[in-house]
Amino acid sequence: MHATRWPAVLAGAAMMTAAAFAHADTVKVTPLGSHDGEFCPLDRALVFEDPDGTRILYDAGRTVRGPDDPRLGRIDVVLLSHVHGDHLGDAIQAEANAGTCAKPDFSVKVTPNSNSVDIVVGKKAKFIVGGEMPAFFQNRVEAAGGERSQVQLVRFGASTRVGGVDIASVPAVHSNGLAPIFIGSEYAKMLSEVGLTAYVGPPGGYVLTFSNGLAVYLSGDTGITAEQDHVVRGHYGAKLAVLNIGGTFTTGPREAAYVINDLVRPAAVIASHANEPATEGGKLRAGTRTEAFIKAVEVPVHLPLSGRTMAFDGAAKCTSGC
């Protein structure tokens, strides 16, 4: 009698083991926004965790509360798409959920170092940038107590590997002027007086290919580009996209939907950079640009609710948290 129960027990154990391996083989994506459980106007930052444990912070911006933010954990790599203050980080919140989702309170100034540099130094992480940015950031990281070798250049056409993750640079069409507040010198004063910024080369995006085979396109701030078809889809085969949808500064909902439906053609997309309070109580607000984007897109759209970890398999199917 007991012997007849063993096949069922073994089958159950095998299913549990398979489920455990499947869960372990997912890429975890955790948004770090200004307000817990919401998608707010200045939310940019995402932490990606490979199945092997490698952790990558993308565009820390203003919503990560410095290197001591308890949500960060270990960070191996910080990625920066471009040097505008809402991505590089010119100010941060004094505490969690400061202000409102519609109007977060970023009252702690972190210039001239920047939030990104502070995190790189505090976490002893690699700092991957493109364009002409490395020399500037090597000086900044060293001045903040880090090592120049932490800053690594990856320009379009190049890639690097950290842990189980391949990190490739892809083009973005945007501006990339460094504001004088990040420079802190007589040169900065001169730039400010004439209304100019310091050009540090072109901005960029990234394609991350994780050890479970998932390729993720990080658009950065961009308009529509031919490379989204030929490079992001054609060469790298991105299955998950993180696309900025806010309009004016990047693709708006209609343009972003075209990028997804006709150019990148991923299996799923995470909306980003909406420049609006897109949710209330964790639910999508009606009449928003984010709602318009979701209605126009032909694949699942996931909202980056701050602090809620999503898990994706190698085909970009969300297995939890979405």
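Arg233 is partly exposed because its relative accessibility is 30%, where buried means under 20% relative accessible area, exposed over 50%, and partly exposed in between (1.4 Å probe, protein chains only). The model is predicted: local features need pLDDT of at least 70, side-chain atom pairs count only at pLDDT 80 or more, and totals for chains, interfaces and linings use all residues. Residues are numbered from 1 along each chain as its sequence is written, and side-chain values use heavy atoms, with hydrogens and water left out.

**Salt bridges**

- The count comes to twelve salt bridges, each a side-chain nitrogen of Lys or Arg within 4 Å of a carboxyl oxygen of Asp or Glu.
- Arg233 forms a salt bridge with Asp229 (2.6 Å, N to O).
- Asp229 and Arg233 lie four residues apart in helix α6 (residues 227-233), so about one helical turn separates them.
- Asp229 is buried because its relative accessible area is 17%.
- Asp90 and Arg62 also meet in a salt bridge (2.7 Å, N to O).
- This pair links distant parts of the chain, 28 residues apart.
- Asp90 has 15% relative accessibility and therefore counts as buried.
- Arg254 pairs with Glu255 in a salt bridge (3.8 Å, N to O).
- Arg254 is exposed at 67% relative accessibility, while Glu255 is partly exposed at 29%.
- A network of salt bridges links Arg65, Asp69 and Arg71.

**Helix contact**

- Residues of helix α7, including Pro253 and Ile260, meet residues of helix α8, including Phe293 and Ala296; contact means heavy atoms within 4.5 Å.
- Helices (H or I, at least four residues) are DSSP runs, numbered from the N terminus.

Methods: Helices (H or I, at least four residues) and strands (E, at least two) are DSSP runs, numbered from the N terminus.
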